[in-house]
Amino acid sequence: MTNKERRDKGMAYITDASVLVEQFKSRILQKSYNRMIPFNVPKAYLLLKHMGLKYGKDTFIDTPFRCDYGKHITVGKRFYANSYCTIIDVAPVTIGDNVLLGPNVQIITAGHPIHPDSRNSKYEYGIPITIGDNVWIGAGAIILPGVNIGSNTVIGAGAVVTKDVPDGVVAAGNPCRIIKEITEEDKKYYYKNLEFDSEAWNNIISES
């Protein structure tokens, strides 16, 4: 079995020349993408397609953007990634609709064995990450291998997410932990105890 096959089956694998060629091809496309945004968005999006990155309507990935391959990334509709987004997509990264990533968010599927003898063998691995619909991940958060984040959840800035996070909660910290459930009462506030004005609130109600 080749190392690319081992990687794509979720097995331990070695980054050999064939793996590096895939990464280098993607990095060349990324460099062009990062130069084109915001000057030529349609052409830049073609580069994402050439990488194999699958995205839905009204997606925008700000620059600079960095990934390992691109072809293991799937994002839904109205996805927005702020600047310095890094997705190490050794394994699949699947992201739902209406997901917002703050600046410097890192989504990392890759890892290495903890024992030095195993680690020095050059074997590494990738474990998939899944993020549901309507998720906001704050600036500087790090999502580690194997994590699943539920829909309608907020991950606080700077969080290090090592375990699954359920639907409909605010979670933050290092390691990331649940702070509160999101309730219907939270709908009328835009920041802490600051309520939407009547014009904004009417717009929200009309679109609900």
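Predicted model: local features only at pLDDT ≥ 70, side-chain atom pairs only at ≥ 80, totals over all residues.
Colleague: Fine. How do I read aromatic pairs, and how many does a search of the whole structure find?

Modeller: The general idea is that a pair of aromatic rings is described by the distance of the centres and the angle of the planes. Here the search turns up 4 aromatic pairs. One of them is Tyr45 with Tyr55, an edge-to-face pair with 5.4 Å between the centres and 75° between the planes.

Colleague: Where do Tyr45 and Tyr55 lie?

Modeller: Tyr45 belongs to helix α3, while Tyr55 sits in the loop between α3 and β2 (60-61), so the pair ties together parts 10 residues apart in sequence. Then there's the pair of Tyr190 and Phe196: the ring centres are 5.6 Å apart and the planes are at 50°, so this pair counts as tilted.

Colleague: Next topic, salt bridges. How many does the structure hold?

Modeller: The structure has 8 salt bridges. Take Lys4 and Glu22: their closest N and O atoms are 3.7 Å apart. Lys4 is in helix α1 (residues 3-8) and Glu22 in helix α2, so this bridge ties together parts 18 residues apart in sequence.

Colleague: Is Arg7 buried or exposed?

Modeller: Arg7 is buried, at 3% relative accessibility, whereas Lys4 is partly exposed at 29%. Arg7 also lies over the face of Tyr69, 4.6 Å from the ring centre.

Colleague: Which salt bridge does Glu185 make?

Modeller: Glu185 pairs with Lys188 at 3.1 Å, N to O. Glu185 is partly exposed at 45% relative accessibility, and Lys188 is partly exposed at 28%.

Colleague: On to the nonpolar cores. What's the general idea there?

Modeller: In soluble globular proteins, nonpolar side chains tend to be buried together. In this model the largest nonpolar core has 39 residues, and those with the most contacts inside it include Tyr33, Phe65, Leu101 and Ile137. Among the elements that each supply at least two residues are α2 (17-36), α3 (41-51), β3 and β6 (85-88). Helix α3 gives the most, with 5 residues. Apart from that core lies another, of 6 residues, including Tyr13, Val19, Ile88 and Val90.

Colleague: Which residues does Ile137 touch, beyond those up to four places away in sequence?

Modeller: Its contacts include Leu100, Leu101, Val105, Ile131, Ile143, Ile149 and Ile155.

Colleague: Now the sheet. In what order do the strands come?

Modeller: The order is what tells you who neighbours whom. This is an open sheet of 5 strands, β3-β6-β9-β14-β17, paired in parallel. β3 (65-67) and β17 (160-161) stand at the edges with a single partner strand each, so one side of each has no neighbour in the sheet. β14 (residues 142-143) runs parallel to β17 and is joined to it by 2 bridges; Ile142 has Val160 as its bridge partner.

Colleague: Last one: what do Thr86 and Ser83 touch?

Modeller: Thr86 is in strand β6 and is buried at 19% relative accessible area. Leaving out residues up to four places away in sequence, Thr86 touches Arg66, Val105, Gln106 and Ile107. Ser83 is in the loop between β5 (80-81) and β6, and is buried as well, at 17%. With neighbours within four places in sequence set aside, Ser83 contacts Asp62, Thr63, Pro64, Pro103 and Asn104.

Methods:
Residues numbered from 1 in each chain as written. Heavy atoms only, no water. Pairing = 2+ DSSP bridges. Helix = DSSP H or I, 4+ residues; strand = E, 2+ residues; numbered from the N terminus. Core = buried A, V, L, I, M, F, W, Y, C linked by side-chain atoms within 4.5 Å. Buried < 20%, exposed > 50% of the residue type's maximum accessible area, 1.4 Å probe, protein only. Contact = heavy atoms within 4.5 Å. Phe/Tyr/Trp six-rings, centres within 6.5 Å; stacked < 30°, edge-to-face > 60°. Lys NZ or Arg CZ within 6 Å of the ring centre and 35° of its normal. Salt bridge = Lys/Arg side-chain N within 4 Å of Asp/Glu carboxyl O.
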